[in-house]
Amino acid sequence: MSFQRMEGAEISGPLLAPGKAYTSVALRRSTAGLAGEMTAGGDLAGLAGSGFVGVGGGIPLWADYGEGERVVGGIGVSGGTVAQDVACAEAAALVWRTR
């Protein structure tokens with residue numbers, strides 16, 4: 001597990017970033033686009049407020065261990081705009097896939 005905070009990043013980052021990583025692992029999908037599903041009436045409405053974060057910046061990390069692919073970790077980025085968080089998370093996931 002690793003956690004880093006950029007100088008000058010928003011104060012909410014240390015809370016949101018781990019939540020985004022957790023959400024991406026638990027749901028086995030990116031957090032980008034989840035906001036609508038987590039609002040009242042959405043398929044994931046019951047998850048809102050229970051540690052799940054439905055804002056872009058969370059991406060699951062997949063690996064193949066001979067039994068098929070499975071989630072082995074997650075990336076959570078927060079502190080910029082949603083678009084910046086998503087771009088940073090995608091860049092980190094690309095590094096993971098090409099290692």
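Q: Why is Val77 called buried in this predicted model?
A: The relative accessible area of Val77 is 19%, and buried means under 20%, so Val77 counts as buried.

Q: Where along the chain is Val77 found, and with which residues is Val77 in contact, leaving aside its neighbours within four places in sequence?
A: Val77 is found in the loop between strand 2 (69-76) and helix 2 (82-97). Once its neighbours within four places in sequence are left aside, the residues in contact with Val77 are Ala17, Lys20, Gly56, Gly57, Asp85, Cys88 and Ala89. For one of these, Gly56, the C-alpha atom is separated from that of Val77 by 8.4 Å, although the two residues are 21 residues apart along the chain.

Q: What is the volume of the largest pocket, and which residues are the closest to its centre?
A: The largest pocket holds about 810 Å³ of space. It is lined by 25 residues, of which Gln4, Ala17, Ile75, Gly76 and Val77 are the closest to the centre. Helix 1, strand 2 and helix 2 are the elements that give two or more residues to this lining. Sorted by kind, the lining of the largest pocket has 14 nonpolar, 9 polar and 2 charged residues.

Q: What makes the pair of Tyr22 and Phe52 edge-to-face rather than stacked?
A: A search of the whole structure finds 1 aromatic pair. The ring centres of Tyr22 and Phe52 are 5.3 Å apart, and rings pair if their centres lie within 6.5 Å. The planes of the two rings stand at 65°, and an angle over 60 degrees counts as edge-to-face, so the pair receives that name. This pair links distant parts of the chain, with Tyr22 in helix 1 and Phe52 in the loop between helix 1 and strand 1, 30 residues apart.

Q: How do you know whether Tyr22 and Phe52 are buried or partly exposed?
A: Tyr22 has a relative accessibility of 46%, which falls between the limits of 20% and 50%, so Tyr22 counts as partly exposed. Phe52 has a relative accessibility of 16%, which is under 20%, so Phe52 counts as buried.

Q: Why is Arg28 called partly exposed, and what is its phi?
A: Arg28 lies in the loop between helix 1 (13-27) and strand 1 (58-64). Its relative accessible area is 48%, which lies between 20% and 50%, so Arg28 counts as partly exposed. The phi of Arg28 is near 55°, a positive value in a residue other than glycine. Most residues other than glycine have a negative phi.

Definitions and conventions
Residues numbered from 1 in each chain as written. Predicted model: local features only at pLDDT ≥ 70, side-chain atom pairs only at ≥ 80, totals over all residues. Heavy atoms only, no water. Buried < 20%, exposed > 50% of the residue type's maximum accessible area, 1.4 Å probe, protein only. Contact = heavy atoms within 4.5 Å. 1 Å grid on protein atoms, 1.4 Å probe; cavity = no way out; pocket = protein on both sides within 12 Å on 5 of 7 lines; lining within 4 Å. Points joined across faces, edges and corners; volume = space filled by probe spheres on them. Nonpolar A, V, L, I, M, F, W, Y, C, P; charged D, E, K, R; others polar. Phe/Tyr/Trp six-rings, centres within 6.5 Å; stacked < 30°, edge-to-face > 60°.
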